[in-house]
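Visitor: I would like to be walked through this model, one feature at a time. Please give the idea behind each reading and then the case at hand.

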Amino acid sequence: MKRRLWHFHGGLRLPGHKAESMQEPIQTATLPERLTIPLQQHIGEPAEPVVEVGQRVLKGQMLARASEYISVPVHASTSGTIAAIEDRPIPHPSGLQAPCIVLDSDGQDEWIEHAPINDYTELESSALRNVIREAGIVGLGGAGFPAFIKLNPGPRNVVDTLILNGAECEPYITCDAMLMQEQPRKIIDGLLIMKHALQARRCIIALEDNKRNAHTLLVNALHEHESEFIEIIQIPTIYPTGGEKQLIKVLTGKEVPSHGLPLDIHMVCHNVGTAAAIADAIHEGKPLITRYVTVTGDAIGQPCNLEVRIGTPFEALLEQCGWRDDRNDEIIMGGPLMGFTVDNPAVPVIKTTNCILSWPTTKEQQTPMPCIRCGECARVCPAQLLPQQLYWYARAKNFDRVQDFNLFDCIECGCCAYVCPSHIPLVQYYRFAKTEIWAQERDKKKADQARERHEFRQQRIERKKQEEEERKRRKKEMLKKSQGDETGGEDSKKAAIEAAMARAKARRGEKNSPSGDKEDA
Ligand code: SF4
Ligand code: SF4
C-alpha cells in the first residue's frame, strides 16, 4: 500500500545541479599544513581552550571543553602543535573574526586511543547523551544545534517518531546524498543509537524521490538490521522539503506550532550526517573531526564531495577541486538560496559547512527595485508568512511589528527572494532584523543582570547594616544585664554582712549571760 503524504504551503521546484558533484565517490581532502579550529562552530556558547600554545596534541584530542549547557567541545583534526589561540577570520555572514585554535600539523596524523562503547543499550540515555556531547557532535544539516540536547526530550515528553532527514533539497548540495549512498549502514546504526537515547516508538528515514540509488542502498542496509520499526520514505522533490517543519508536515500531516518545536507534537528530527557521526562516536570512539563537504559551482573544474578535516581552509579544498583561482569568483558557504558569501577564501571548514559553492561574480547582478505588492512572495512562502510585510517592518526597523508577523518562524529558505520580480534581497532584511532583535535581547538581558546584581548588592548592604544594629543592640542589652547583676551582687553582699553582724551580736549576748560568768570563773 502506498503511504499517504501531505503537502506544505508554497515551495519551489528548482533545477537541482546535483549530478555535477556526484560523478565520483567521496574522496579524502589533502591534509593541510595548518588547521584553524574555531571555538564556536555551533549554536550556543563557545568552547573553552584546555590546551596551550606550543603544546603537542594528538588527533582526536580535546582542544576546548564545553563552557555552558548549550555548548560542545572541539577536538584536534590531526596531530601536531598548537601554534596560536587567537581571533581569526571564520565563515560567518558578518565577516568578523572569532577565537580559534591554530594547529600546525606534524604530518603523522597520530590518533589518541579510541574508547568505543561495546554495548550502548546498557547505557542510560543520559550517559549516552554525555558520550555524544563529549564527541563534539552538532546537527550537521546546517543549523549546528548540539545533538545531545535534541536527544533529551525531558522527563515529561514522550517521543513518538524520530525522523532522520535525508532531504537535501537545496540545489548543488549533495553531501548527504553521497553519505546515504556510501554509508547506509552507519546511518542506520546511528539512528538506532538515537532511538535508544530518545526511547522513540518508531523511526522514519526521509529522502527525496530523485535519490533512487541512496534509497535502494538504505533499504538493503535496513534488511540486514531487520528493524521493523524503521520506515524509509521517499518524498516529492520540492524546495524546501528539508526544512524540519515542512518535512514533518509532508510525512505526518501535522503542523509544528508557531514558535514551537517538533517535540511539542512528540517528534524529533535529526540529519543523516548527525546519525553517522553518532555511530562513529559510539561504535568507534571517534569525536567529530571530519565531515563531508560538497565543492561545486561553475568556477570549479572537478565538482565533487570530499571528506574534510574541520579547520581546513576553503582555498585548499577549492584548489584540490580545480578552482580557477580567479579571486573575483564568488564563494558561498552553503547553497545558493540559504548560503552566504564568504569574502576570505582562507576561512576554515567548520562543523556546519556542508557545501562550498563558487561561481563567477560576472553573473548578472540584479538591482533591487521598489516592491510592487504582487504577492508572489507570500504565495511561495513555506512558513505561510507575509514576506512583504516582514520586509516593510524590517526595513523600517520596527522590530515589534516584525515579530507580530512571526519573523522567527521564517526559515530563511529564500523562496520569497527567488520569485520577487523586484529583486529585493528579502532574506537579508530578515537576517538583519533577527540579528538586531537578538542584540537588543542580549543587551536587555545584560541590563537586567546588572540591575539584579545592583539590587542584590543593596540588599546585602542593608542586611549587613541590620545585622550590625542587631548585634549592637544585643551587646547593649547584655551589658545592661551584667550591670544589673553587679548591682544585685552588692545588695546580697550587704545582706550577708548584715547577717554576719547580727550573728556576731547574738554570740556576744550569749557570752554576757550568768552561765557564761560561771564558766569563766
Ligand atoms: S514578491 Fe517582491 S515585489 Fe512582490 S510583493 Fe513580494 S516583495 Fe513585493
Ligand atoms: S525566507 Fe522566510 S519569508 Fe521568505 S519564503 Fe522563506 S520562510 Fe518565507
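Visitor: Is histidine 17 buried, partly exposed or exposed?

Guide: This is a predicted model. Buried residues have under 20% relative accessible area and exposed ones over 50%. Histidine 17 has a relative accessible area of 34%, so histidine 17 is partly exposed. The residue sits in the segment before β1 (27-28).

Visitor: What is the phi of histidine 17?

Guide: Phi of histidine 17 is near 50°, a positive value in a residue other than glycine. Glutamine 199 is another case, with phi near 55°, again positive and again not in a glycine. Glutamine 199 is found in the loop between α4 and β10. With a relative accessible area of 54%, glutamine 199 counts as exposed.

Visitor: Which two residues does a cis peptide bond join?

Guide: The cis bond joins tyrosine 239 and proline 240, and omega there is about 0°. Proline 240 belongs to the loop between β11 (230-235) and α6 (244-252).

Visitor: Now the charged pairs. How many salt bridges does the structure hold?

Guide: The general idea comes first. Side chains of opposite charge can pair when their charged atoms come close. The cut-off used here is a side-chain nitrogen of Lys or Arg within 4 Å of a carboxyl oxygen of Asp or Glu. On that basis the structure holds 29 salt bridges.

Visitor: Where do aspartate 160 and arginine 201 lie?

Guide: Aspartate 160 and arginine 201 form a salt bridge through their side chains, at 2.7 Å from N to O. Aspartate 160 is in the loop between α2 (147-150) and β9 (161-165), and arginine 201 is in the loop between α4 and β10 (202-208), so the pair ties together parts that are 41 residues apart in sequence. Aspartate 160 is partly exposed, at 24% relative accessible area, whereas arginine 201 is exposed, at 57%.

Visitor: What salt bridge do arginine 202 and aspartate 160 form?

Guide: The side chains of arginine 202 and aspartate 160 meet at 3.8 Å, N to O. This pair also links distant parts of the chain, with arginine 202 in strand β10 and aspartate 160 in the loop between α2 and β9, 42 residues apart. Arginine 202 has a relative accessible area of 22% and is partly exposed.

Visitor: Where do glutamate 455 and arginine 451 lie?

Guide: Both are in helix α13 (residues 426-511), four residues apart, about one turn of the helix. Glutamate 455 is partly exposed, with 39% relative accessible area, and arginine 451 is partly exposed at 43%.

Visitor: Which residues do salt bridges that share partners join into one network?

Guide: The network consists of Arg3, Asp160, Arg201, Arg202 and Glu231. The pairs of aspartate 160 with arginine 201 and with arginine 202 have been described above.

Visitor: Next, helix packing. At what angle do helix α1 and helix α4 pack?

Guide: Helix α1 (residues 125-134) and helix α4 (residues 184-198) pack at about 135°, and their axes are 8 Å apart. An angle over 145 degrees would count as roughly antiparallel, and 65 to 115 as roughly perpendicular. The two helices are therefore oblique to each other. The crossing of α1 with α4 is left-handed.

Visitor: Which residues in α1 meet which in α4?

Guide: From α1, Ser125, Leu128 and Arg129 take part, and they meet Ile193, His196 and Ala197 in α4. By class, that contact has three nonpolar, two polar and one charged residues.

Visitor: At roughly what angle do helix α3 and helix α7 cross?

Guide: Helix α3 (residues 175-182) and helix α7 (residues 272-284) cross at roughly 50°, and their axes come within 9 Å. An angle under 35 degrees would count as roughly parallel. α3 and α7 are therefore oblique to each other, and their crossing is left-handed.

Visitor: Which residues of α3 and α7 meet there?

Guide: Asp176, Leu179 and Met180 in α3 are in contact with Val272, Gly273 and Ala276 in α7. The residues of this contact divide into four nonpolar, one polar and one charged.

Notes. Residues are numbered from 1 along each chain as its sequence is written. Chains are lettered from A and ligands numbered from 1 in the order in which they are written. This is a predicted model: local features need pLDDT of at least 70, side-chain atom pairs count only at pLDDT 80 or more; totals for chains, interfaces and linings use all residues. Side-chain values use heavy atoms; hydrogens and water are left out. Axes are lines fitted to C-alpha atoms, for helices over the stretch in contact, and angles run from 0 to 180 degrees between N-to-C directions. A crossing is left-handed if the near helix is turned anticlockwise from the far one by less than a right angle, and right-handed if clockwise. Contact means heavy atoms within 4.5 Å. Ala, Val, Leu, Ile, Met, Phe, Trp, Tyr, Cys and Pro count as nonpolar, Asp, Glu, Lys and Arg as charged, and the others, Gly among them, as polar. Buried means under 20% relative accessible area, exposed over 50%, partly exposed in between (1.4 Å probe, protein chains only).
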